[in-house]
Amino acid sequence: MKFQRLNYFFWQSLLLTTSVVMSVIEPVRVVPILAAEISATKHQLSPQAIITKSVAPIREIQSLNQIEHPLTDAQKLVQSLTPTGQTEVTSVTGVKVNSTDKGLEVILETGVKSKGLQATPKIEGNSYIADIPNAQLRLINRESFRQVKPAAGITEIIVTNIDANNIRLTVTGEAGAPTVELFNSNEGLVFGVKTTATTGQQPTPPQQTKPGENPEIELEVTAPPDTYRVNNTSVGTRTDTPLRDIPQTVNVIPRQVIEDQSSQSLGDVLRNLGIVTNGTRDVDNSIIRGFEIRSDNGTLKNGLRDPEAGRALGANLNNIERVEVLKGPASVLYGQLPPGGVINLVTKQPLSDPYYSLGFQIGSYSEYEPSLDFSGPLTADRSLLYRFNASYKNSGSFIDFQSIQRLSIAPVITWQPSSGTKLTIEGDYQDAQQKPEHGLPAVGTLLPNPNGKIRRSLYLGEPSLDVDGERFVEGRIGYNFEQRLGNNWSLNNAFRFSYRNNLYYNTTNGNLENDDRTYTRSVQSFYHYVESNFGQDTHVVGKVNTGSLEHKLLLGVDYNHNVLSNFGIYGRTIGSLDIFNPVYGQPPSPTPPRTSPFIKITTEDLGFYFQDQLALASNLKLVLGGREDFVSSGSASEQSDSAFSPRVGIVYQPIEPVSFYASYSRSFEQQTGVDFNNNTFKPTRGTQYEVGVKTDWLNDKLSAILSFYDLTQSNVLTGDPDREGYSIQIGEIKSQGIELYVTGELAPGWNIIGSYNYTDARITKDTTYKSGTIIVGVPENSASLWTTYIIPQGSLKGLGGGIGINYVGDRPEAIDNSFLLPSYVTTDAALYYRSNKLLAALNFKNIFDTVYYRSGDVSGLSIGDPFTVEATVKYQF
């Protein structure tokens with residue numbers, strides 16, 4: 001499948017999708033588009049020319065809205081179903097949070113003065129809650145609005161739909177119930193929030209709002225607590241959906257957890273979910289539900305495929321707002337992926353109020369990292385916003401001669417000319433360099449060595465060679481465009497281009513000789529990787545009623561194009577190393593190096609997907625979806641495949657805080673190559689059945705998920721027993737397990753996040769290894785627990801601490817299960833001080849200096865970090 005053909009299909013599908021949506025909203029709008037498409041086909045115009053001819057009619061939409069058209073049959077039907085005398089529902093098309101001299105104001109934008117809207121306030125715990133009848137929140141591509149820490153003393157503001165006719169506003173403080181003044185404006189309904197800093201008053205009981213009255217409700221709030229719980233996500237459905245309504249396990253690690261733990265890599269973040277990384281400090285490959293999620297296939301950034309997002313060397317977390325994990329097959333939304341799941345990194349976005357943060361971190365092994373995070377409006381009307389993150393990391397390591405230097409820059413611009421249109425342009429650049437990790441032999445570390453114990457800090461490379469290191473440069477640029485189409489539909493179009501230039505100079509690992517002290521080495525002089533990737537996604541989301549049934553429809557098409565090129569010069573040898581008395585500085589042999597052939601691999605994926613989130617009743621929801629993918633990959637020759645990936649799920653909520661769910665989903669990954677008869681291999685398939693329960697406790701401050709799954713991967717390659725050197729596709733892997741996840745706030749200032757995973761992942765069909773063999777790198781048990789407490793008020797307000805443990809069970813690192821890595825437990829702790837402007841933290845990692853092994857085999861083990869200390873100071877203004 002050639003790129004030009006896929007590109008043509010992509011633009012054609014984009015036009016078709018847009019045409020269908022326009023025809024649903026208003027039939028007259030689609031006529032010029034279809035006419036342009038028919039004319040272009042007749043005159044053999046390119047897809048780009050079709051779009052050019054179609055732009056002018058689309059620009060006529062605003063003027064067409066002012067023309068009265070005869071009612072269509074569908075409109076007459078909807079009108080006939082509307083009860084007579086029903087109160088008109090006011091649409092809230094935007095939510096703004098602005099700073100005022102008294103504190104904050106929350107504006108529910110209706111475009112008209114909202115005299116008809118009423119609010120019924122109440123106080124629950126530390127939250128002021130106002131229910132607004134006869135109103136419906138209709139935002140661009142999202143179901144609700146949430147802003148965390150909008151000002152000193154305000155924990156969060158949430159605006160969401162209760163049902164089809166009611167909106168709820170929640171403003172949460174920490175030491176008391178919120179204080180609000182309600183009034184109308186030409187923009188809509190306005191809630192003025194007064195903080196303690198401006199009023200100094202104590203909270204008063206809420207009053208019922210009557211037509212024409214504007215009650216004042218005073219609120220005292222103090223410094224905001226940590227926020228560990230997230231209500232909504234889009235990774236599980238591609239629409240902004242409450243976690244409780246998704247019939248599959250979705251875990252979200254918010255920014256606050258990343259900062260509290262001083263996480264330095266994606267692997268550090270994911271261990272909060274009991275996820276084990278199976279890699280080195282260069283690459284974090286994660287094990288989810290028994291299957292490896294590689295850094296080059298299984299990670300997304302803001303919902304688009306990103307082959308470098310999970311790579312440890314390039315993983316800068318300073319620009320990450322949260323990490324989302326959808327567990328189990330996700331091909332129904334994102335195309336070919338491993339069956340274990342997908343990881344989505346969500347970046348920081350511009351803020352509507354000025355925000356400036358300067359940070360500095362120092363730590364063990366001469367680590368230092370200055371950082372800044374600036375954001376705010378560029379125009380007086382706040383229609384143009386920006387955010388700029390930058391950091392520079394320089395650190396040594398407990399391993400001799402090993403170090404890392406990394407510069408990261410990430411600018412974002414958001415333009416929102418109206419409540420229905422939003423364009424975000426985002427980029428980032430990273431330049432990193434480090435000495436590679438070589439690991440240590442098992443004999444002398446995990447296994448006994450007659451010569452003694454090998455010290456953890458031993459470096460097996462050759463520091464005297466300037467070529468011994470890795471240089472990694474990458475950049476991204478892209479946009480996300482959101483447009484509301486009427487009251488019930490929205491259009492989203494996103495694009496990103498990424499580029500990686502990777503120079504890899506390295507001394508390759510060798511072997512330990514029979515004397516158990518002489519280590520042979522060779523020199524892999526040079527490897528050069530260049531990778532470019534661009535992806536685009538276009539989808540529409542709309543709400544449609546069929547009788548008493550409510551549908552949220554998703555229709556979309558995406559396209560991804562990846563080119564990876566590499567070239568190498570290798571093969572020279574270098575003198576052996578005595579691992580108990582190393583002598584460095586030996587030059588490589590004069591033997592001419594060998595040159596590897598230039599390899600260029602192109603991969604393309606075009607997918608069409610649909611989804612219907614169907615409300616059968618207020619407490620019974622059904623999710624139906626499917627996706628058809630067309631993929632091609634190859635270098636000298638090209639292999640093309642197609643696959644359909646479905647998902648069916650149901651959610652039943654006997655009471656609002658409890659959701660029982662069940663789902664069935666499938667995934668696929670292309671498997672390139674041929675068998676003995678020159679037949680191309682079929683894609684591997686993942687099939688999962690999952691059931692579980694999701695609960696919200698303590699007035700929605702604490703959440704838990706308990707899930708049970710049965711996941712099978714079929715069409716796995718295994719050796720051909722009749723023809724040596726060839727493979728056949730009869731292999732099968734089955735993973736079954738139980739997962740428990742808890743996160744949220746137990747009491748004011750006391751937060752917790754914890755998980756437990758039981759995983760039984762085994763080979764069930766193979767021609768070489770017996771059935772029941774455990775999958776490499778998969779522990780049967782893993783768990784984590786982290787909790788923090790910040791004193792919420794009084795003379796010691798802002799002081800606090802945290803403590804956590806992480807457990808990983810033993811796991812095989814040889815495919816025949818002949819070599820096991822032992823289980824381990826590590827313990828971390830932290831001390832904090834937080835005020836409105838100053839944040840200080842001391843993080844103590846692996847405080848008992850446990851020796852543990854991340855991954856590896858007999859020839860080389862990746863050893864975990866010993867006891868380290870990190871101190872962080874951040875000033876916000």
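Among the contacts in the protein with a separation of 6 or more, 66% join residues 24 or more positions apart, where contact means heavy atoms within 4.5 Å. This is a predicted model, in which local features need pLDDT of at least 70 and side-chain atom pairs count only at pLDDT 80 or more, while totals for chains, interfaces and linings use all residues. Residues are numbered from 1 along each chain as its sequence is written, and side-chain values use heavy atoms, with hydrogens and water left out.

Let's look at the secondary structure: 9 helices and 50 strands. Both are DSSP runs numbered from the N terminus, helices being H or I with at least four residues and strands E with at least two.

Now let's go inside. Of the 877 residues, 54% count as buried, meaning under 20% relative accessible area, with exposed over 50% and partly exposed in between (1.4 Å probe, protein chains only). A nonpolar core is a set of buried Ala, Val, Leu, Ile, Met, Phe, Trp, Tyr and Cys residues joined through side-chain atoms within 4.5 Å. The largest one has 28 residues, and Ile343 and Leu270 are among those that touch the most other members. Elements that each supply at least two residues of this core include α7 (255-261) and β22 (341-347). Apart from it lies another core, of 26 residues, including Val95 and Tyr128. Beyond its neighbours within four places in sequence, isoleucine 343 has contacts that include Leu266, Ser286 and Val323.

Finally, visit two loops. Asparagine 302, between β19 (299-301) and β20 (304-305), has a positive phi of about 55° although it is not a glycine. Asparagine 699 also has a positive phi of about 55°, and is exposed, with a relative accessible area of 61%.
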